[in-house]
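Biologist: I would like to learn how to read backbone angles and chain contacts in a model. Please take one feature at a time.

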Amino acid sequence: MKIKETIKLYVKYASVCTQSVMQYKLSFLLMIIGRFIMAFSELIAIQFLFSGFSQIKDYTYGDVLLCFSIIQMSFTFAELFGNGFKAFSGTVKKGEFDRMMLRPCSLLLQVMGTRFEIGRTGPLLTALITLALGIRHSQITWSILTVWTLAAMIIGGTFLFIGLFMLGASFCFFSIEDTSLINVLTYGAKTHGKYPIDIYGKGILRFCTYVIPYTLIQYYPLQFLLGKTRSWYLAFCPLGMIVFLLVCYFIWQFGVKHYQSCGS
Amino acid sequence: MKKYYRFFQLRFATGMQYRMASVTALTTQLIWGLMECLAYKAIAEASGGTMPMNYSSIVTYIWLKEALLALFNTWAADNELFSMITNGDIAYELCRPVSIYSMWFSRTIGARIAEALMRCIPVLLCAFLMPKPYRMTPPVNHVSFLLFLLTLFLALGITVTFCMIVYMLCFFTISPQGWRMVLTGAVDFLSGNIIPLPFFPKKYLFLLELSPFAYMQNVPFRIYSGDLVSGEIYHCIFKQIFWLVTMTFLGIVLWKQAEKRVILQGG
């Protein structure tokens, strides 16, 4: 019952946010186009780069496109749903968070619901085009397990980025200074995650496994998806994101407990 | 003497207020640059010596891009000016007995140079201390360094006149953020911020060289690393001056049009 109510409320929040954006249709359209162009230009950049060679460390053009589209899609979904965490420092500074705490309703729902931004979906189009291109160019043997892997990578990636946004938001409880360092982990992963992580070398691969588990949604399942390994269990790596998200959630909860108001 | 010391102390303390912000900015840029260097290393190995730029030029290009980010990024345009246009504070600006175009131009250019100066020193310092293949190289010779400085200013001028055109276009719409995103997204790519321009296929590059975008950061960064040679350099400088004049003119014409139709609502 409670879950049903929560979902209903979230949909309500989202529709109100969407309606308010729709008041400025041209602006909305340009926003979508702008974000689409930004993402699309990166796709063209990859194509230009690949005109000079056909393979980068055993990965073909199609493989890189797959990587690019998965990361773009995860990031876009995460931004769509987790935008509230991204803009959280503003919420704290304005004292809006104090108001949220007074309401008899889940904090998570309010933070996520109030900043639902439909205009963020621009890169989704690029991601879909890239996904289609990537699937056409790379040789994936389709089976239930590979379809699962692809879907799990995208959903797992969404969880990962939402988790990171949440982590960034949690820092706002302890420091009112701008915590832009988290941007390296989010935007940086979006920009540089378009190549399979192992092209950056062993050190980066280790960091992306043991510090922030990017490889669980990119490198390891990708090996299975592209048929580079027979280890089927790699297909289930993205499930680890549930643990990561839970860890981020506990840090967030810890932060909420120690929150001291700074707004007026 | 004491009072000057106090002034210094005051300014220094104010500056130190933002130390955390500058440390995070520095870290971000270093990581960003290093990741790009690593990616291009893999690309260099993949293409086996047939790259349109040699690897050390690319590394230098990347570090210059990171160090001088504040000069050339069009997406970080002056937010205050945008909000002035939308919230009506432009009225105060209109009251001042100075030309808005010149005022905003100097303000934008000043802010960019100040920020770049503050940011470039630590980034460059670290870039020169990087381990070998990722280390930034000094300029090829004195002449190219002087030409680098000259073209850097011209390129900055072109970038700022472009921003001015974006500001002016905002007078013709009530939703500046959308315009801004479309224009800056395109320029980011066309000016060589995502991949250096030599990586573009020849036929597109030819078209691009007819536009002002090829004369922004592309020219100074490639002169510095010795990727552009003498004949091309003077050609580029000539084109830079041409675009600087044309875009300034265009901006002023747009401003004259905008000035006629500014309507202030409410007060």
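Biologist: Is A:Lys57 buried, partly exposed or exposed?

Modeller: This is a predicted model, in which local features need pLDDT of at least 70 and side-chain atom pairs count only at pLDDT 80 or more, while totals for chains, interfaces and linings use all residues. Residues are numbered from 1 along each chain as its sequence is written, and chains are lettered from A and ligands numbered from 1 in the order in which they are written. A residue is buried if 20 or more other C-beta atoms, placed from the backbone, lie within 10 Å of its own, exposed if 12 or fewer, and partly exposed in between. A:Lys57 has 13 other C-beta atoms within 10 Å, so A:Lys57 is partly exposed.

Biologist: What is the phi of A:Lys57?

Modeller: Most residues other than glycine have a negative phi. For A:Lys57 the value is positive, near 45°. A:Lys57 sits in the loop between β1 (55-56) and β2 (59-60) of chain A; strands are DSSP runs of E, at least two residues, and helices are runs of H or I, at least four, numbered from the N terminus.

Biologist: Where is A:Asp58, and what is its phi?

Modeller: A:Asp58 also lies in the loop between β1 and β2 of chain A. Its phi is positive, about 75°, though A:Asp58 is not a glycine. A:Asp58 counts as exposed because it has 12 C-beta neighbours inside 10 Å.

Biologist: How many residues of chain B are in contact with chain A?

Modeller: Contact means C-beta atoms, placed from the backbone, within 7 Å. By that criterion, 31 residues of chain B touch 34 residues of chain A. On the chain B side, α2 (19-47) and α9 (176-190) are the elements that give two or more residues, and α2(B) gives the most, with 14 residues.

Key: Contact = placed C-beta atoms within 7 Å.
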